[in-house]
Amino acid sequence: MTGRILPILQQAGGIGRLTRRLVTAFLLVLPWMCGAAPRSLEVAPGVYAMVGELNEVTRANRGVVGNAGFIVGTDGVIVIDSGPSARYGQILLAEVRRRTCKPVRLLVLTHAVQEFIFGASAFVKIGVPVLAHVDSAQLMRTRCAHCLENLVRQLGKREMRGSRVVTADILVHGGTRLTISGRDIELVHHGWAASPGDIAVFDRATGVLFAGAMVAQDRIPSLRDAEVTNWIQALQKLKAMPITRVVPAHGPVADPRSIDSTEQYLQSLLDATRLRFESGATLVDSMQQLELPAFRQWALYPTLHPQNVQRVYLKLERDDFDAK
């Protein structure tokens with residue numbers, strides 16, 4: 001056994017160098033070993049999801065409140081989103097290695113929100129190219145340094161060690177189809193929907209859609225960066241695709257009816273807020289009183305729903321002012 005291991009160590013650059021790399025990787029994942037390490041769920045043959053919590057970012061959940069995943073091809077792996085930190089990026093890479101010995105060929109960032117992008121630091125470190133929409137890349141450049149500072153304050157320097165804002169190597173301007181490692185992948189883009197530069201990743205072989213920010217399941221979506229009317233239209237276009245399973249940005253893996261649920265929330269929110277605006281209700285009263293009982297059980301309803309009412313109301317107010 002020793003005779004077989006020593007040449008491997010020598011090829012890796014010597015025992016000392018490899019040992020340092022192994023120790024570094026071990027220290028990065030050690031905190032997760034004290035509890036249940038995140039594990040991937042096989043959604044379809046060769047397609048896996050890493051599902052985060054439905055809550056807000058806390059030290060207890062280490063910021064893992066968004067979903068990520070990966071698709072295993074004939075000679076490589078495509079990873080979709082990367083988690084909130086370099087440490088989680090290492091966990092995701094370890095989970096890929098647990099499932100396959102094939103190398104990661106590409107990381108796709110579906111949108112520029114903190115719980116999905118900072119794990120890219122771990123991928124860039126090993127030379128994995130990063131793909132994003134040009135508008136998401138611009139948003140990352142303009143605001144994500146501030147997002148990183150916020151996460152460091154929320155989660156601590158140790159948790160966020162090694163995390164940084166990455167620069168995408170590959171920029172797309174719209175939807176496109178790619179063949180990567182034998183997998184026919186469609187990058188779906190229907191304009192500014194949940195955020196500038198929304199991308200969904202569709203695996204044509206299995207019908208699995210990594211929906212990014214466009215779909216939420218059992219959790220109120222945030223309209224912070226949204227163009228809500230365009231978002232509704234984008235969801236209607238998604239429903240025309242031969243989708244079998246949906247991996248949303250937040251919430252459990254679901255069937256295509258989750259697209260309907262997200263659309264119903266957005267349309268109900270838009271209609272109810274417009275009704276109150278046109279009846280003369282104030283912004284504050286609308287935020288406090290506008291209820292959507294069908295969605296009250298979704299996670300973060302008490303916090304995100306009033307914020308969404310505010311954003312829709314202010315947009316209606318701006319549109320009304322511009323029309324006069």
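Keep in mind that the model is predicted.

Start with the open spaces. The largest pocket holds about 700 Å³. It has 32 lining residues, and Val-113, Glu-115, Arg-219, Ser-222 and Arg-224 are the closest to its centre. Two or more lining residues come from each of H4, H6, E11, E12 and helix H10 (301-323). H6 gives the largest share, five residues. By type, the lining has 15 nonpolar, ten polar and seven charged residues.

Now the second largest pocket. Its volume is about 350 Å³. Of its 18 lining residues, the closest to the centre are Ala-226, Val-228, Arg-311, Lys-315 and Arg-318. Which helix gives the most to this lining? H10 does, with seven residues. Helix H7 (228-238) and helix H8 (257-278) each supply at least two. The lining splits into eight nonpolar, two polar and eight charged residues.

Strand E11 (208-216) and strand E12 (245-250) each give two or more residues to the lining. Among the lining residues are Phe-210, Gly-212, Val-247 and Pro-248. Five lining residues are nonpolar, two polar and one charged.

Back to H6, residues 134-155. This helix bends by about 55° at Arg-143. Arg-143 is also one of its buried residues, along with Leu-139, Met-140, Cys-144 and Cys-147, among others. The cover over the buried residues includes helix H4 (114-117), strand E6 (130-133) and strand E7 (170-172). After H6 comes Gly-156, with a positive phi near 100°.

Key
Residues numbered from 1 in each chain as written. Predicted model: local features only at pLDDT ≥ 70, side-chain atom pairs only at ≥ 80, totals over all residues. Heavy atoms only, no water. 1 Å grid on protein atoms, 1.4 Å probe; cavity = no way out; pocket = protein on both sides within 12 Å on 5 of 7 lines; lining within 4 Å. Helix = DSSP H or I, 4+ residues; strand = E, 2+ residues; numbered from the N terminus. Nonpolar A, V, L, I, M, F, W, Y, C, P; charged D, E, K, R; others polar. Bend = angle between axes of the 7 residues up to and from the residue. Buried < 20%, exposed > 50% of the residue type's maximum accessible area, 1.4 Å probe, protein only. Contact = heavy atoms within 4.5 Å. Points joined across faces, edges and corners; volume = space filled by probe spheres on them.
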